[in-house]
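Please prepare a short briefing on the structure shown below, grouped by topic, with cut-offs given for the terms used.

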Amino acid sequence: GSYQADATFLGQGMNVTYTFSGGKFEATSKVTLLGTVNSETVNGTYEIIEFDDGSMEIKLDFEEESAAFHNGTYTFDQGEDYIKIAGIKYSKLDK
């Protein structure tokens with residue numbers, strides 16, 4: 001599914017969308033800087049790790065890292081119409 005969040009990155013408004021499908025994902029960031037929209041799309045693979053206590057982590061492996069996207073393992077939570085990666089809530093787009 002696809003999930004989207006609005007965030008602030010280096011003092012600028014930023015919109016991030018993740019689309020997950022079959023172990024792969026596409027991530028798009030759109031940053032509006034002085035009225036100009038800079039868009040970047042990267043692809044990668046992901047793995048969700050579940051622990052005995054019910055907590056989860058997501059491992060993101062980007063094909064290329066950038067200012068907005070970094071490889072790593074992050075806290076993960078999932079609800080009916082959202083996910084949280086590293087504490088940032090992404091709302092489900094295709095409800």
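In this predicted model, the side chains of Ser2 and Thr19 are joined by a polar contact of 2.9 Å, a polar contact being a pair of N or O atoms within 3.5 Å, where within protein one must be able to donate a hydrogen and the other to accept it, and where residues adjacent in sequence count only if both atoms are side-chain atoms. The model is predicted, so local features need pLDDT of at least 70 and side-chain atom pairs count only at pLDDT 80 or more, while totals for chains, interfaces and linings use all residues. Residues are numbered from 1 along each chain as its sequence is written, and side-chain values use heavy atoms, with hydrogens and water left out.

- Ser2 lies in strand 1 (residues 2–9), strands being DSSP runs of E with at least two residues, numbered from the N terminus.
- With a relative accessible area of 15%, Ser2 is buried, that is, under 20% with a 1.4 Å probe and protein chains only.
- Leaving aside residues up to four places away in sequence, Ser2 touches Tyr18, Thr19, Ser91, Lys92, Leu93 and Asp94, contact meaning heavy atoms within 4.5 Å.

**Strands 2 and 3**
- Strand 2 (residues 12–21) and strand 3 (residues 24–33) run antiparallel and are joined by nine bridges, where pairing requires that DSSP finds at least two bridges between two strands.
- Gly13 has Thr32 in strand 3 as its bridge partner, and in the hairpin of these strands, with two residues between them, Gly22 takes a positive phi near 55°.

**Strands 3 and 4**
- Ten bridges pair strand 3 with strand 4 (residues 36–50) in the antiparallel sense, and Val31 stands opposite Asn38 in strand 4.
- The hairpin of strand 3 and strand 4 also has two residues between the strands, and there Leu34 takes a positive phi near 50°.

Note on methods. Helix = DSSP H or I, 4+ residues; strand = E, 2+ residues; numbered from the N terminus. Buried < 20%, exposed > 50% of the residue type's maximum accessible area, 1.4 Å probe, protein only.
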